[in-house]
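Please go through the charged side chains of this model and their surroundings. A short report is enough.

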Amino acid sequence: GSSTPSSPGAAGSGYRKPSNVQVGEKFYIKVQGGGPQMPLMIYDKSRECSFSVSPNSPGFEELRKAVNAEPTWQGRKTFVMASFDSKGVCTVYPS
């Protein structure tokens, strides 16, 4: 699969690795969104990692396509893998 480095949106105070996840370890996140001009909300099950990705941000279109392709939740949310590196940068794996 491909990977998309992500950077925090305006609501980026939760842009951090969950405490129960190791550096480089992949974990599931939920990506939730609406229309193409609405930010995507991203969070893990603990909600320790919780941030948004705004339209025109790196990775936004790839993540929006993954959300829209998920029929289970009518194209409004999906679950994908993510990881944080030692510098605190999150990489999301939309496929």
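By about how much of a helical turn are Arg-64 and Glu-61 separated in helix α1? The separation is about one helical turn, because Arg-64 and Glu-61 are three residues apart in helix α1. Helices here are DSSP runs of H or I with at least four residues, strands are runs of E with at least two, and both are numbered from the N terminus.

The model is predicted: local features need pLDDT of at least 70, side-chain atom pairs count only at pLDDT 80 or more, and totals for chains, interfaces and linings use all residues. Residues are numbered from 1 along each chain as its sequence is written, and side-chain values use heavy atoms, with hydrogens and water left out.

**The salt bridge**

A search of the whole structure finds one salt bridge (a side-chain nitrogen of Lys or Arg within 4 Å of a carboxyl oxygen of Asp or Glu). It joins the side chains of Arg-64 and Glu-61, at 3.1 Å from N to O. Arg-64 is buried, at 18% relative accessible area. Glu-61 is partly exposed, at 35%. Buried means under 20% relative accessible area, exposed means over 50%, and partly exposed lies in between (1.4 Å probe, protein chains only).

Lys and Arg count as positive, Asp and Glu as negative; His and the chain ends are not counted.

| Buried residue | Nearest opposite charge | Distance |
|---|---|---|
| Glu-70 | Lys-77 | 10 Å |
| Lys-30 | Asp-44 | 11 Å |

Glu-70 sits in the loop between α1 (60–68) and β5 (77–84). Its side chain makes a polar contact of 2.7 Å with that of Thr-72. A polar contact is a pair of N or O atoms within 3.5 Å; within protein, one must be able to donate a hydrogen and the other to accept it, and residues adjacent in sequence count only if both atoms are side-chain atoms. Leaving out residues up to four places away in sequence, Glu-70 touches Gly-75, Lys-77 and Thr-78. Contact means heavy atoms within 4.5 Å.

Lys-30 belongs to strand β2 (residues 27–32).

**Around β5**

Ala-66 lies in helix α1. It is buried, at 17% relative accessibility. Beyond four places in sequence, Ala-66 contacts Thr-78 and Pro-94. β5 pairs with β6 (residues 90–93) in the antiparallel sense over four bridges; pairing requires at least two DSSP bridges.
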